[in-house]
Amino acid sequence: MPLPTDLDEFSIPDDEAEEIIEAMLFAAGYPLEYAKISEIITKPVKKVEELVDGMENRFRAETRGIQIVRLEDSVQLCTKEKYDDYVREALGIHQRGKLSNSSLEVLAIIAYNQPITKAVIEQIRGVDSGYAIAVLSEKSLIEVKGKLDVPGRPNLYGTTPDFLRVFGIEKLDDLPDAVDEKDGEQVTIEGI
């Protein structure tokens, strides 16, 4: 069936629109923006979000191995984490992509202070962070968001949509408050 060129040309019923969204998410294998889905199924973005809400609720209520994962302005269909070992075995993936403590530390600094330069990261940590930044960039968890307007024009780093997806966060506002455990007490870290 050809895609309509005018929103009023015809209206796809909601149940069929959900099936189309599910098919697109399954085939894509990566997050699709609500705006793109809206354009394809010729429904407003708000309606697409409502349809995804319905799908998400049904996926939760039914016994299924897949789930809807929401990101800031996009959505993805993923397997449930509890079936991770089975999926890895089926796909022949025997090693998990783990991050070192130093990479996790740098990632946390970037997530809570973005955009941020390498020099500021190193000032916070007190050690060279070039390797950790390279690893995080390679894994698409961080990216260059721009350049600071000072001599040398250093890169400004920030997190990516992959960061949100990997850590199961819809938007950066959903990050937990930064705390430092000291002598068994939680203390808010100033500046992070």
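## Briefing on a predicted protein chain

Outside the four places on either side of it in sequence, Cys78 is in contact with Gly65, Ile66, Gln67 and Val69. Cys78 belongs to strand 3, and the model in which these contacts occur is a predicted one. The protein chain has eight helices and seven strands.

**Whole chain**

- Of the 192 residues in the protein chain, 32% are buried.
- Among contacts with a separation of 6 or more, 44% are between residues 24 or more positions apart.
- The accessible surface of the protein chain is about 12,500 Å², and carbon and sulfur atoms account for 50% of that surface.

- An open sheet is formed by three strands in the order 1-3-2, with antiparallel pairing.
- Strand 1 (32-33) and strand 2 (66-70) are the edge strands, each pairing on one side only.
- In general, the strands of a sheet pair through backbone hydrogen bonds, either parallel or antiparallel.
- Strand 2 and strand 3 (residues 74-79) run antiparallel and are joined by five bridges.
- Two bridge partners in strand 3 can be named: Gln76 for Val69, and Thr79 for Ile66.
- Three residues lie between strand 2 and strand 3, and the two strands form a hairpin.
- Helix 3 (residues 45-61) lies across strand 2 and strand 3; the angle between helix 3 and strand 2 is about 145°.

- Is Cys78 buried or exposed? Cys78 counts as buried because its relative accessibility is 19%, and the cut-off for buried is under 20%.
- The contacts of Cys78 include Ile66 and Val69, and the bridge partners of these two residues in strand 3 are Thr79 for Ile66 and Gln76 for Val69.
- Cys78 and Pro31 are 47 residues apart in sequence, while their C-alpha atoms are 9.6 Å apart in space.

**Ser38 in helix 2**

- Ser38 is found in helix 2, which covers residues 34-41.
- With a relative accessibility of 11%, Ser38 is buried.
- Beyond its neighbours within four places in sequence, Ser38 is in contact with Lys43, Pro44, Val45 and Val48.
- Val45 and Val48, both contacts of Ser38, fall within the residue range 45-61 of helix 3.

**The loop between helix 5 and helix 6**

- The loop between helix 5 (101-113) and helix 6 (118-125) holds Ile116, and Pro115 is in this loop too.
- Which peptide bond is cis? The bond from Gln114 to Pro115 is cis, and its omega is near -10°.
- Ile116 counts as buried because its relative accessibility is 4%, which lies under the 20% cut-off.
- Neighbours within four places in sequence aside, Ile116 is in contact with Ile109, Ile110, Ile121, Ile124, Asn155, Leu156 and Tyr157.
- Ile116 and Lys147 are 31 residues apart along the chain, and their C-alpha atoms are separated by 9.7 Å.

- Ser140 is not a glycine, yet has a positive phi of about 60°.
- Ser140 is placed in the loop between helix 7 (130-138) and strand 4 (142-147), and is partly exposed at a relative accessible area of 31%.
- Arg153, another residue other than glycine, has a positive phi near 40°.
- Arg153 is placed in the loop between strand 4 and strand 5 (155-159), and is partly exposed at a relative accessible area of 41%.

**Aromatic rings**

- How many aromatic pairs are counted? The count comes to one aromatic pair, formed by Phe163 and Phe167.
- A pair of aromatic rings is described by the distance of the centres and the angle of the planes.
- For Phe163 and Phe167 the centres are 5.1 Å apart and the planes are 40° apart; the pair counts as tilted because stacked needs under 30 degrees and edge-to-face over 60.
- Phe163 is buried at a relative accessible area of 4%, whereas Phe167 is partly exposed at 38%.
- The ring of Phe59 has the charged end of Arg64 over it, 4.2 Å from the ring centre.

How values were computed: Residues are numbered from 1 along each chain as its sequence is written. This is a predicted model: local features need pLDDT of at least 70, side-chain atom pairs count only at pLDDT 80 or more; totals for chains, interfaces and linings use all residues. Side-chain values use heavy atoms; hydrogens and water are left out. Helices (H or I, at least four residues) and strands (E, at least two) are DSSP runs, numbered from the N terminus. Buried means under 20% relative accessible area, exposed over 50%, partly exposed in between (1.4 Å probe, protein chains only). Contact means heavy atoms within 4.5 Å. Accessible areas come from the Shrake-Rupley method with a 1.4 Å probe; for residues, only the protein chains shown count as cover. Two strands pair if DSSP finds at least two bridges between them. Axes are lines fitted to C-alpha atoms, for helices over the stretch in contact, and angles run from 0 to 180 degrees between N-to-C directions. Rings of Phe, Tyr and Trp (its six-membered ring) pair if their centres lie within 6.5 Å; planes under 30 degrees apart count as stacked, over 60 as edge-to-face and the rest as tilted. A charge sits over a ring if NZ of Lys or CZ of Arg is within 6 Å of the ring centre and within 35 degrees of the ring normal.
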